[in-house]
Amino acid sequence: MATRTRHIGLSLGADICWPICYEALFRKLDLNLDIGGETVNFEVERVAIEPFDLMQPVKYDVVIDRLTHWYHTSREWIKKAILTDDLYVFNNPWSLQAMEKHTSYCAMMRLGFPVPDTWLIPPKSYVESPDLLSTLRKYARLFDLGEIGEKIGYPLFMKPYDGGAWVGVTAIRDGEALKNAYDESGTRLMHLQHGVKPFDAFVRCVGLGPQFRYVNYDPDAPLHDRYRMDRDFLSEADKKTLAQMTIVINAFFGWDFNSCEALRSNGVWRPIDFANACPDSQVTSLHYHFPWLIKSNIRWSAFCAATDRSMHANLNWGNYFEIAGRDLPFEDKLEQYAKLAHDYFQVDDFEAFCEKHLPHLDEVAHEFFGSDTVRDAIRQKVEALYPEHEWDEFTELFWQRIQTWRSESAA
Ligand SMILES: Nc1ncnc2c1ncn2[C@@H]1O[C@H](COP(=O)(O)OP(=O)(O)OP(=O)(O)O)[C@@H](O)[C@H]1O
Ligand SMILES: [Mg+2]
């Protein structure tokens with residue numbers, strides 16, 4: 001039987017722990033898959049940053065990218081590689097570059113998702129530019145910020161239209177606080193969003209291909225405790241809604257790896273932040289959930305590489321908008337959007353692939369996450385993030401949480 005090697009590239013920045021574990025577990029699996037009469041094996045390698053000829057061939061079949069959102073050399077190399085060599089990449093670089101939080105709100109509102117009421121306001125101040133004054137003098141209307149605040153209702157959140165990492169997010173209780181926050185917002189373009197309060201659940205649903213992890217999220221805890229370790233805290237119906245919302249968002253924007261934050265209030269899941277297409281992958285945040293990430297990444301990347309999954313560089317928004325225009329309750333529309341997303345992510349093919357080719361993954365992973373390789377990867381990440389006197393304590397903490405995952409998954 002002929003042998004074909006599929007090349008998986010890791011396009012990395014500050015990542016330490018997850019690539020070590022991904023590479024080591026991939027090696028341990030020792031995959032030689034019988035696909036269409038060929039033996040398919042894999043080579044995983046880290047992508048180097050270097051000058052490139054726009055027409056030079058690319059050796060990779062799949063790239064897992066962590067740089068595109070801020071490092072433009074890699075982003076432009078990835079775009080070239082998709083266009084000239086049919087590279088498959090997590091995530092679609094054009095969509096990542098152009099679709100901010102704002103776009104994701106508008107699109108999902110049109111699909112009927114219960115995103116809280118959100119306004120965009122012009123910035124408080126500007127960087128000088130030649131046509132600025134004449135443009136503003138002619139067209140910028142005076143507006144009453146207090147009136148907009150009353151319309152949205154308090155509490156509300158002021159946050160950057162393209163935000164991330166909590167930068168510039170302010171919780172606002174009344175008109176005076178709103179005025180102060182706006183005065184301090186400077187040149188940033190801001191949203192005002194109705195605050196979902198009270199809420200009785202806050203979930204970060206992480207999607208990787210058609211795989212989902214529901215994390216009970218505590219935004220007020222220190223970083224290492226934000227991802228709670230609770231399992232079975234959601235009903236099957238809750239899980240279904242969250243998975244459907246997440247898969248639809250991800251298929252709509254061409255994001256293989258993204259997380260959707262939603263709060264449940266009066267029984268309704270309200271998504272508030274779902275343009276996170278470079279989700280946290282570090283063991284220092286994910287700890288107990290970290291093995292899920294590594295396993296899911298291996299499954300989805302192996303599937304995409306082995307089956308030559310198409311990059312779907314063209315998004316098909318019209319199909320979703322057609323459903324949005326039907327006279328149906330949101331739950332029914334969500335079912336129909338989810339069917340489109342199910343096809344987009346080839347869920348049936350993917351499940352059959354995992355069953356046939358990766359039946360040993362759970363067992364190999366169980367052993368691997370008890371190994372020194374993992375302990376050392378944790379240590380390296382902890383040393384990069386924490387002061388020296390905390391290295392032992394936090395290495396042990398994250399290690400123990402992974403051991404908890406091991407004993408629970410074995411049971
Ligand atoms: N509409 C809202 N209702 C209630 N809480 C909110 C709302 N919007 C934001 N928050 C709170 O503010 C936090 C940060 O907001 P948001 O997630 O939108 O910003 P971000 O900068 O994208 O954060 P990150 O990238 O860390 O997820 C949320 O985790 C949540 O605790
Ligand atoms: Mg958030």
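Q: Where does Asn-91 lie?
A: Asn-91 lies in the loop between S5 and H3. Helices (H or I, at least four residues) and strands (E, at least two) are DSSP runs, numbered from the N terminus.

Q: What kind of peptide bond runs from Phe-90 to Asn-91?
A: That peptide bond is cis, with omega near 10°. For background, most peptide bonds are trans.

Q: What sort of model is this?
A: This is a predicted model, in which local features need pLDDT of at least 70 and side-chain atom pairs count only at pLDDT 80 or more, while totals for chains, interfaces and linings use all residues. Residues are numbered from 1 along each chain as its sequence is written, and chains are lettered from A and ligands numbered from 1 in the order in which they are written.

Q: Which peptide bond joins Lys-197 and Pro-198?
A: Lys-197 and Pro-198 are joined by a cis peptide bond, with omega about -5°. Pro-198 is in the loop between strand S9 (190-194) and strand S10 (201-208).

Q: Changing topic, what does the domain assignment give?
A: The assignment gives domain 1 (3-98), domain 2 (117-194) and domain 3 (201-410). Domain bounds come from an automatic or database domain assignment.

Q: How many residues of domain 1 are in contact with domain 3?
A: On the domain 1 side there are 34 residues, in contact with 35 residues of domain 3. Contact here requires C-beta atoms, placed from the backbone, to lie within 7 Å.

Q: Which element gives the most to that side of domain 1?
A: H1 does, with 10 residues. The residues of this side divide into 24 nonpolar, 4 polar and 6 charged. In that count Ala, Val, Leu, Ile, Met, Phe, Trp, Tyr, Cys and Pro are nonpolar, Asp, Glu, Lys and Arg are charged, and the others, Gly among them, are polar.

Q: How many residues has the largest nonpolar core?
A: The largest nonpolar core has 90 residues, and those with the most contacts inside it are Cys-205, Val-248 and Ala-262. A nonpolar core is a set of buried Ala, Val, Leu, Ile, Met, Phe, Trp, Tyr and Cys residues joined through C-beta atoms within 7 Å. Buried means that 20 or more other C-beta atoms lie within 10 Å of the residue's own; exposed means 12 or fewer, and partly exposed is in between, with C-beta atoms placed from the backbone.

Q: Which helix gives the most to this core?
A: Helix H10 (residues 290-306) gives the most, with 10 residues. The core lies between domain 1 (3-98) and domain 3 (201-410), because both give residues to it.

Q: And what does Ala-262 touch?
A: Not counting residues up to four places away in sequence, Ala-262 touches Val-203, Cys-205, Leu-242, Met-245, Trp-269, Arg-270, Pro-271 and Ile-272. Another core lies apart from this one; it has 10 residues, among them Phe-157, Ile-172, Tyr-182 and Leu-192.

Q: Is Ile-172 buried or exposed?
A: Ile-172 is buried, because 22 other C-beta atoms are within 10 Å. Ile-172 lies in strand S8 (residues 170-172). Its contacts include Tyr-154, Pro-155 and Ala-181.

Q: Which residues come nearest to ligand 1?
A: Of the 17 residues around ligand 1, the nearest are Phe-157, Gly-163, Val-196, Pro-219 and Asp-273. A residue is near a molecule or strand if its C-beta atom, placed from the backbone, lies within 6 Å of it.

Q: Where does the shell around ligand 1 lie?
A: Domain 2 (117-194) and domain 3 (201-410) both give residues to the shell, so it lies between them. Its residues divide into 9 nonpolar, 5 polar and 3 charged.

Q: What about phi of His-287?
A: Phi of His-287 is positive, near 30°, and the residue is not a glycine. Most residues other than glycine have a negative phi. His-287 is in the loop between helix H9 (283-286) and H10, and counts as buried because 23 C-beta neighbours lie inside 10 Å.

Q: And what is phi of Gln-346?
A: Gln-346 also has a positive phi, about 50°, although it is not a glycine. Gln-346 lies in the loop between helix H12 (330-344) and helix H13 (347-357). Gln-346 is partly exposed, with 18 other C-beta atoms within 10 Å.

How values were computed. Two residues are in contact if their C-beta atoms, placed from the backbone, lie within 7 Å.
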